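Visitor: Hi, I'm new to reading protein models. Could you walk me through this one?

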Amino acid sequence: MLSLKALDKTYDNGVHAINNVSLEIPAGLFGLLGPNGAGKSSLMRTIATLQDPDSGSMRFNGVDVASDKAALRRQLGYLPQDFGVYPRVSAVELLNHFAILKGLHQRGERREAVEALLQLTNLWEVRKRAVASYSGGMRQRFGIAQALLGAPRLVIVDEPTAGLDPDERQRFLNLLARIGDNVVVILSTHIVEDVTNLCPRMAMIAKGRVLIDGAPQAAIATLQDRVWRRSVSDAELAQYQRHCTVLSSRLVAGRTQINVYADSQPDDGFRRVEPDLEDVYFLQLRAA
């Protein structure tokens, strides 16, 4: 269990990146959902002890992180949003290097761990290629391989599927789902579908504040019978945006389709639809 209590962080430029964040994050996949600039990466860096909060506290499995950062770092696997690699070093060599840094000093144990992770991440066939030559999806899978070295109890992945094609994105998400129920895995993302499909618990964040947290299906249930849909013209869209709570608009077969939040049918052109986490997300962002 990772427990965050009233975390706060303001940078020197005045940006209030983390605003009184309190969360209880259990073992398993936990989604941290928010738009770009919401403070997700700042929170991930703070949890990973790469920066100190201005105030508040963190405890991991009962240990106060501020008083013993090394204890958390020994149990941490971290995949940041952007990471660099040595340009001409192969995946197997680089993983071996990282394994030494993580304390796997016995050659046999280290080789076994590296080979197992290359198999797990489906990189075995390309293990002798330089990581710098990998595609985006392959590099992300290598990133999770290095994060899993040393059997961490806390794994943080920050925007791991941004920019991946659909096949690589699904392959990476399947890999995350296999990590295990006894490990705290924090998936930071702005992609609503990733959280809906994978995470039994999540939090939404904007402007550094937690908007809601809990089970995605419980959040969706709060909008039951209150989401309405219709196709509109451009002129009608502007009118509905003035007078209704428009959650989203998208082009479907050349027509603009809108979802509206309302207790009752806005007009005869609307039909009630089942809400989803995207509707919750946009409603929360409107109120943030």
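Visitor: OK. Where does this model come from, and how are residues numbered?

Guide: This is a predicted model, where local features need pLDDT of at least 70, side-chain atom pairs count only at pLDDT 80 or more, and totals for chains, interfaces and linings use all residues. Residues are numbered from 1 along each chain as its sequence is written, and side-chain values use heavy atoms, with hydrogens and water left out.

Visitor: Back to β13, then. Which residue stands opposite Thr-256 in β13?

Guide: That's Val-232.

Visitor: What's the order of strands in that open sheet of four?

Guide: The order is β12-β13-β11-β14, and the pairing is antiparallel. At the edges are β12 (245-252) and β14 (271-272), each of which pairs on one side only. Helix α9 (residues 234-243) packs on this sheet and touches β11, β12 and β13. Contact here means heavy atoms within 4.5 Å. The direction of α9 makes about 150 degrees with that of β11.

Visitor: How do you get an angle like that?

Guide: Axes are lines fitted to C-alpha atoms, for helices over the stretch in contact, and angles run from 0 to 180 degrees between N-to-C directions. Here's another example: helix α10 (residues 277-287) lies across β11, β12 and β13, running at about 130 degrees to β12.

Visitor: What about the open sheet of six strands, what's its order?

Guide: That one goes β6-β7-β8-β3-β9-β10, with mixed pairing. Its edge strands are β6 (76-79) and β10, each pairing on one side only. From one strand to the next, the twist averages 15 degrees. Helix α10 turns up here too: α10 packs on this sheet, touching β3 (28-33), β9 and β10, and its direction makes about 30 degrees with that of β9.

Visitor: How many bridges are there between β9 and β10?

Guide: Five, and strand β9 (residues 201-206) and strand β10 (residues 209-214) pair in the antiparallel sense. Met-202 stands opposite Gly-214 in β10, and Ile-205 has Val-210 as its bridge partner. The two strands form a hairpin with two residues between them, and Lys-207 in the turn has a positive phi of about 55 degrees.

Visitor: And β1 and β2, how many residues sit between them in their hairpin?

Guide: Five, with Gly-14 in the turn having a positive phi of about 95 degrees. Strand β1 (residues 2-10) and strand β2 (residues 16-25) run antiparallel, joined by six bridges. Ser-3 has Glu-24 in β2 as its bridge partner.

Visitor: Switching to helices: at what angle do α3 and α5 pack?

Guide: Helix α3 (residues 91-101) and helix α5 (residues 136-147) pack at about 30 degrees, with their axes 10 Å apart. That makes α3 roughly parallel to α5. As for the wording, angles under 35 degrees count as roughly parallel, over 145 as roughly antiparallel, 65 to 115 as roughly perpendicular and the rest as oblique.

Visitor: Which residues make that contact?

Guide: On α3 they are Ala-91, Leu-94, Leu-95 and Phe-98, and on α5 they are Phe-142, Ala-145 and Gln-146. They divide into six nonpolar, one polar and no charged. In this scheme, Ala, Val, Leu, Ile, Met, Phe, Trp, Tyr, Cys and Pro count as nonpolar, Asp, Glu, Lys and Arg as charged, and the others, Gly among them, as polar.

Visitor: How far apart are the axes of α5 and α6?

Guide: The axes of α5 and helix α6 (residues 166-177) are 9 Å apart, and the packing angle is about 10 degrees. These two helices are therefore roughly parallel to each other. Gly-137, Met-138, Gln-140, Arg-141 and Ile-144 in α5 meet Glu-168, Arg-171, Phe-172, Leu-175 and Leu-176 in α6. By class, that contact has five nonpolar, two polar and three charged residues.

Visitor: And what's the angle between α3 and α4?

Guide: About 130 degrees for α3 and helix α4 (residues 107-120), with their axes 10 Å apart. That makes α3 oblique to α4.

Terms used:
Two strands pair if DSSP finds at least two bridges between them.
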